[in-house]
Amino acid sequence: MFAFGLFLSPIPTFRRIIRNGSTEMFSGLPYVYSLLNCLICLWYGTPLISPDNLLVTTVNTIGGVFQLVYITLFLVYAEKARKVRMLGLLLAVLGIFVIILVGSLQIDDSAMRRMFVGLLSCASLISMFASPLFIIKLVIRTKSVEFMPFYLSLSTFLMSISFFLYGLVSYDAFIYVPNGIGTVLGIVQLILYFYYKSSSSENCRQPLIVSYE
């Protein structure tokens with residue numbers, strides 16, 4: 001449920017994109033990174049890699065579908081140059097996933113196969129959770145939370161802590177370690193939000209995802 005809330009959180013952003021007919025200063029990179037993360041974690045949760053982790057596969061399958069929809073919408077409304085760049089990144093992500101999938105199937109030892117995919121999923125999750133560090137830096141510099149949507153930060157925190165507990169219960173370090181880091185970063189974002197909320201303009205525009213391309 002918390003992951004579903006996280007997947008829905010970009011909807012206000014895309015409502016604005018559709019309404020204005022332009023991606024403006026939005027960046028499509030977070031959705032491409034999230035797609036890669038969902039694909040790797042989806043593969044990790046399958047019985048071929050990690051038994052009894054069907055919940056991980058289910059959640060990341062849904063997440064992957066959402067990211068594909070967001071990427072498609074971004075491509076529809078993006079300028080030609082950014083559209084070409086996004087298509088290139090999308091193809092690269094799909095290519096990387098195919099390499100991981102085929103490469104992991106070449107490992108006969110199931111424990112080694114799980115460790116290989118698990119380490120990749122762990123690295124992918126940590127990099128995804130670390131991406132808001134750019135936003136955190138921006139919030140501290142501008143003393144404004146305009147570019148850090150509250151519901152996105154809250155959803156990230158709730159999903160991270162739920163999967164952190166799930167990983168602890170199932171004794172799966174590849175789940176609880178990255179989500180533990182995500183929980184800490186989520187707490188930091190929420191603290192910053194409430195600390196700088198009073199400094200932000202009451203009439204600010206809809207929060208954006210800043211482009212770092």
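Tutor: We begin with the pocket. On a 1 Å grid over the protein atoms alone, a pocket is an open set of points with protein on both sides within 12 Å along at least five of seven lines, and lining residues have an atom within 4 Å of a point. Grid points are joined across faces, edges and corners, and a volume is the space filled by probe spheres set on the points. This is a predicted model, in which local features need pLDDT of at least 70, side-chain atom pairs count only at pLDDT 80 or more, and totals for chains, interfaces and linings use all residues. Residues are numbered from 1 along each chain as its sequence is written, and side-chain values use heavy atoms, with hydrogens and water left out.

Student: How much space lies in the second largest pocket?

Tutor: The second largest pocket holds about 200 Å³. Its lining includes Met1, Phe7, Val59 and Tyr166.

Student: Which element gives the most to this lining?

Tutor: Helices are DSSP runs (H or I, at least four residues), numbered from the N terminus. Helix H1 contributes the most, with four residues.

Student: Where does tyrosine 171 lie, and is tyrosine 171 buried or exposed?

Tutor: Tyrosine 171 sits in the loop between helix H8 (150–169) and helix H9 (173–196). Buried means under 20% relative accessible area, exposed over 50%, and partly exposed in between (1.4 Å probe, protein chains only). Tyrosine 171 counts as exposed because its relative accessibility is 74%. Although not a glycine, tyrosine 171 has a positive phi of about 55 degrees.

Technical notes
Helix = DSSP H or I, 4+ residues; strand = E, 2+ residues; numbered from the N terminus. 1 Å grid on protein atoms, 1.4 Å probe; cavity = no way out; pocket = protein on both sides within 12 Å on 5 of 7 lines; lining within 4 Å.
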